[in-house]
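This report describes selected local features of one protein structure. Please consult the sequence and the three-dimensional view together with the text.

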Amino acid sequence: RPRAAPFPHRASLVAVVVASRMPKEKGIVNTWDIDKQFGFVSVTSGKPDAFLHADHIKDRSLREEVKRVGMKRGDRIRFDLEPPETGRGKMVAVNIELDGGG
């Protein structure tokens, strides 16, 4: 008789730990709709453009500033990529930070 795995949640925990150690993606904002608080980023690694939303900005003060004045075409950012909640559409940029480096 097969035994149940001692830690059935371990696989998902390992995935979270591995993802948190991966280097952030980098990209350049190519569009921003200030009224809707979203835009798109060109990913410098060559992956397809990703969706970004003001609510996914990591730093609260930066998030509030972006909600007031928006992001600008050409802003350089770092972020993690997640699949869209619906399973369809572009990848989603989350944990967004300004990229001060080159």
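The sections below cover the basis of the model, a set of aromatic rings and one leucine.

## Basis of the model

The model is predicted; local features need pLDDT of at least 70 and side-chain atom pairs pLDDT 80 or more, while totals for chains, interfaces and linings use all residues. Residues are numbered from 1 along each chain as its sequence is written, and side-chain values use heavy atoms, with hydrogens and water left out.

## Aromatic rings

Three aromatic pairs are present in the structure; rings of Phe, Tyr and Trp (its six-membered ring) pair if their centres lie within 6.5 Å. In the pair formed by Phe-40 and Phe-51, the ring centres are 5.9 Å apart and the planes stand at 70°, so the arrangement is edge-to-face (planes over 60 degrees apart; under 30 is stacked and the rest tilted). Because Phe-40 belongs to strand E2 (residues 38–43) and Phe-51 to strand E3 (residues 50–53), the pair ties together parts that are 11 residues apart in sequence. Strands are DSSP runs of at least two residues, and helices (H or I) of at least four, numbered from the N terminus.

Phe-40 is partly exposed, at 24% relative accessibility, and Phe-51 is partly exposed at 24%. Here, buried means under 20% relative accessible area, exposed over 50% and partly exposed in between (1.4 Å probe, protein chains only). Phe-38, Phe-40 and Phe-51 make up one aromatic cluster.

## Leu-62

Leu-62 lies in helix H2 (residues 60–69) and is buried, with a relative accessible area of 17%. Neighbours within four places in sequence aside, Leu-62 is in contact (heavy atoms within 4.5 Å) with Ile-57 and Leu-98. Leu-62 and Leu-98 are 36 residues apart in sequence, and their C-alpha atoms are 8.8 Å apart in space.
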